[in-house]
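Here are my notes on the model, point by point. Please read them with the structure open.

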Amino acid sequence: MKPLIYSDNIKNRCFSIGHIINQRHYDTPDQVVFACVLNGGFMFFTELVKNLNFNIECDFVRVKSYIGKKEQGDVEITKDLETSIKDKHLYLVDDLIDSGNTMKYLIDYMKIKEPKSITLVTLCKRKGVDFPNHIYGFELNDEWIVGMGCNDENGYNRNLTSIYCI
């Protein structure tokens with residue numbers, strides 16, 4: 001494994017993203033829900049929400065889209081939100097936007113629940129994969145990465161606090 005993004009850089013970027021989000025909701029009565037996209041989003045989600053200084057609700061959604069090692073299959077929600085997001089600002093927090101297919105499906109699904117807004121927040125995104133209302137930490141090429149929630153083909157290395165290329 002080769003180091004790509006060190007943990008200090010990740011923490012600094014999470015602080016910056018938190019500042020951006022804090023500015024959006026400074027002194028407003030709006031209700032805000034942060035939804036962690038499992039499994040990959042858990043480490044970034046934890047680091048990010050520590051930097052928020054307003055009231056939020058936290059929830060979790062689990063989406064499955066990969067079959068086998070690297071082959072994308074049908075998208076399936078295996079754990080839905082338990083919190084109502086109707087008329088609330090929703091932030092979907094994930095580790096990586098790869099092809100974007102899974103996130104497009106998830107955003108379309110969440111729109112049915114009538115949130116006031118949907119903002120996508122990811123630690124990393126692939127170059128050329130863009131979404132409206134997307135805040136991200138780092139842009140990547142085609143590297144296969146592990147760490148900060150991203151796993152290898154055996155499901156390991158999600159717990160690493162830096163991001164590595166394999």
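1. The largest nonpolar core has 27 residues. Ile21, Phe34, Phe44, Val121 and Cys124 have the most contacts inside it. Such a core is a set of buried Ala, Val, Leu, Ile, Met, Phe, Trp, Tyr and Cys residues joined through side-chain atoms within 4.5 Å. Two or more residues each come from α1 (7-25), β2, α2, β5, β6 (117-126) and β7 (134-140). Helices (H or I, at least four residues) and strands (E, at least two) are DSSP runs, numbered from the N terminus. In soluble globular proteins, nonpolar side chains tend to be buried together.

2. A word on the basis of these notes. This is a predicted model: local features need pLDDT of at least 70, side-chain atom pairs count only at pLDDT 80 or more, and totals for chains, interfaces and linings use all residues. Residues are numbered from 1 along each chain as its sequence is written, and side-chain values use heavy atoms, with hydrogens and water left out.

3. Look next at β2. Six of its seven residues are buried. Buried means under 20% relative accessible area, exposed over 50%, and partly exposed in between (1.4 Å probe, protein chains only). β2 pairs with β5 in the parallel sense, over five bridges. Two strands pair if DSSP finds at least two bridges between them. Val33 stands opposite Leu90 in β5.

4. How many aromatic pairs does a search of the whole structure find? There are two. Phe34 and Tyr91 form a stacked pair, 4.6 Å centre to centre with 5 degrees between the planes. The pair links distant parts of the chain: Phe34 is in strand β2 (residues 32-38), Tyr91 in strand β5 (residues 89-97), 57 residues apart. Rings of Phe, Tyr and Trp (its six-membered ring) pair if their centres lie within 6.5 Å; planes under 30 degrees apart count as stacked, over 60 as edge-to-face and the rest as tilted. Phe34 is buried, at 0% relative accessibility. Tyr91 is buried too, at 1%.

5. Phe45 and Phe60 have ring centres 5.5 Å apart and planes at 55 degrees, so this pair is tilted. Phe45 lies in helix α2 (residues 42-49) and Phe60 in strand β3 (residues 57-67), so the pair ties together parts 15 residues apart in sequence. Phe45 is buried, with a relative accessible area of 5%. Phe60 is partly exposed, with 32%.

6. Asp59 lies in strand β3. Is Asp59 buried or exposed? Asp59 counts as buried, at 6% relative accessibility. A polar atom of the Asp59 side chain lies 2.7 Å from the backbone nitrogen of Thr83. Beyond four places in sequence, Asp59 is in contact with residues including Phe34, Phe45, Lys79, Leu81 and Thr83.

7. Strand β3 also holds Ser65. Ser65 is buried, with a relative accessible area of 7%. Its C-alpha atom is separated by 8.8 Å from that of Ile77, twelve residues apart along the chain.

8. Turn to the open sheet. Three strands form it, in the order β1-β9-β8, with antiparallel pairing. β1 (2-5) and β8 (145-146) stand at the edges, each with a single partner strand, so one side of each is left without a neighbour in the sheet. β1 pairs with β9 (residues 163-165) over three bridges. Ile5 has Ile163 in β9 as its bridge partner.

9. Ser162 is in the loop between β8 and β9. Ser162 is buried, with a relative accessible area of 7%. Its side chain reaches the backbone nitrogen of Ser7 at 2.9 Å. Contacts of Ser162 beyond four places in sequence include Ile5, Tyr6, Ile10, Val146 and Met148.

Methods:
A polar contact is a pair of N or O atoms within 3.5 Å; within protein, one must be able to donate a hydrogen and the other to accept it, and residues adjacent in sequence count only if both atoms are side-chain atoms. Contact means heavy atoms within 4.5 Å.
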